[in-house]
Amino acid sequence: MRVLVTGGAGFIGANFVLRTLATRPDATLTVLDKFTYAANPSTLESVADRVDVVRGDIADAALVDRLVAETDLVVNFAAESHNDNSLADPSVFVQTNLVGTYTLLEAVRRHGVRLHHVSTDEVYGDLDLNDPVRFTESTAYNPSSPYSATKAGSDLLVRAWVRSFDVAATLSNCSNNYGPYQHIEKFIPRQITNVLTGIRPKLYGDGRNVRDWIHVDDHNDAVWAIIDRGRLGETYLIGADGEVDNRTVVQQILTLLDHPADAFDFVTDRPGHDRRYAIDPTRLRTELGWTPTYTDFAAGLAATVDWYRTHREWWAPHKDAVESGYSATQQTLD
Ligand code: NAD
Ligand code: TDX
């Protein structure tokens, strides 16, 4: 099977490439990636002889048409993915997440190629703390940020192309991922690399916001389960019952790195900050038989801390730039 992995040099896409090479000998992989700031070229270096890497934009219709014509399946991970950046400049989010997805859809429609579109639970907005409700496939869309609004729009484009043009597509909306090769702008790697470089971890607002953490390998195994066994036109929510509040995550990271558990700062809150995300993964489990491997978040977090501790060369060159970007907008609170 020939697979075109868009965004395959980013966090989840690169883990998808590495895992697919290890588990699916039948797959031939091409990566299409624009190599924005979010891609780290060294991530795929060890498999450079086994993957065809094309540097380009999913919104480049001619390039996309050529690549889609030569593939059996497109898995779309390409996106602008960071909420904080979308608040500072939404334009590139509209371009990549909406125009880019539209461009892919037109190409798979023309060539009759199967698409799996990777999306986020943030399209559903947020939940109250301590409310037993979780997101399901029938929860109404209610995105909060420019990032999640453009992801919601991209999902709706995919659904419309399924219904109107019979495009063979599936969708998945996953909760927050953690694991190796995640950009250090994101919460968990930012705090790990803060501690490793002598900076105190930074919690937005009161630090009580809850995210539903899933290991990136579990996410990618679920994506393959949907590609293999999912019903065309359907959406599957991906989550691993991993709800933890941000303050607890920071305390766990500090403890794992032998620092006092209260050695963190509170900083200015993110505007529009979603309070809580939580996924009900019943459909994925019952219809497709998927179950997560990483059921103990503390153990998965410990392995991730260890990965960043032993792979400084992967992230250290970018640390100063990421932190100076943040310090322009965030003040430490008393
Ligand atoms: P990431 O920012 O780490 O990687 C995105 C990749 O897409 C980068 O390699 C970047 O260079 C590439 N890219 C950006 N614009 C492009 C364009 N116009 N054309 C081609 N390539 C482009 O993001 P991630 O965390 O790996 O997320 C991957 C996908 O999964 C996204 O669609 C995101 O919305 C979704 N998702 C992420 C999470 C999470 O917790 N990180 C959770 C659920 C869903
Ligand atoms: O320094 C920080 N301090 C902090 O308290 C950062 C960077 C974040 N946070 C908080 C904000 C969130 O409550 O931590 C939580 C996680 O933040 P992010 O890593 O920015 O993730 P989030 O906004 O939840 O979105 C992530 O999950 C869904 C991904 O970035 C998205 O791509 C995905 O769709």
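In this protein chain, take the contacts between residues at least 6 apart in sequence: 81% of them join residues at least 24 apart. Keep in mind as you explore that this is a predicted model. The chain holds 11 helices and 13 strands, and here is a short tour, from the overall form down to one pair of strands.

**Overall form**
- The radius of gyration of the protein chain is 19 Å, which agrees with the value near 20 Å that a compact globule of 334 residues would have.
- Along the principal axes, the C-alpha atoms fill a box of roughly 55 × 45 × 35 Å.

**Inside and surface**
- Buried residues make up 57% of the 334 in the protein chain.

**Charges**
- You can count 31 positive side chains and 46 negative ones in the protein chain.
- The centres of these two sets lie 2 Å apart.

**A pair of strands to look at**
- Strand 6 covers residues 169-174, and four bridges join it to strand 11.
- These two strands run parallel.
- Across this pairing, Asn 173 stands opposite Leu 237 of strand 11.
- Strand 11 spans residues 235-238, with Thr 235 and Leu 237 pointing one way.
- Tyr 236 and Ile 238 point the other way from strand 11, and all four of these residues, on both sides, are buried.

Notes. Residues numbered from 1 in each chain as written. Chains lettered and ligands numbered in written order. Predicted model: local features only at pLDDT ≥ 70, side-chain atom pairs only at ≥ 80, totals over all residues. Heavy atoms only, no water. Rg over C-alpha atoms; globule rule 2.2 N^0.38 Å. Buried < 20%, exposed > 50% of the residue type's maximum accessible area, 1.4 Å probe, protein only. Contact = heavy atoms within 4.5 Å. Lys, Arg positive; Asp, Glu negative; His and termini not counted. Charge placed at Lys NZ, Arg CZ, Asp CG, Glu CD. Pairing = 2+ DSSP bridges.
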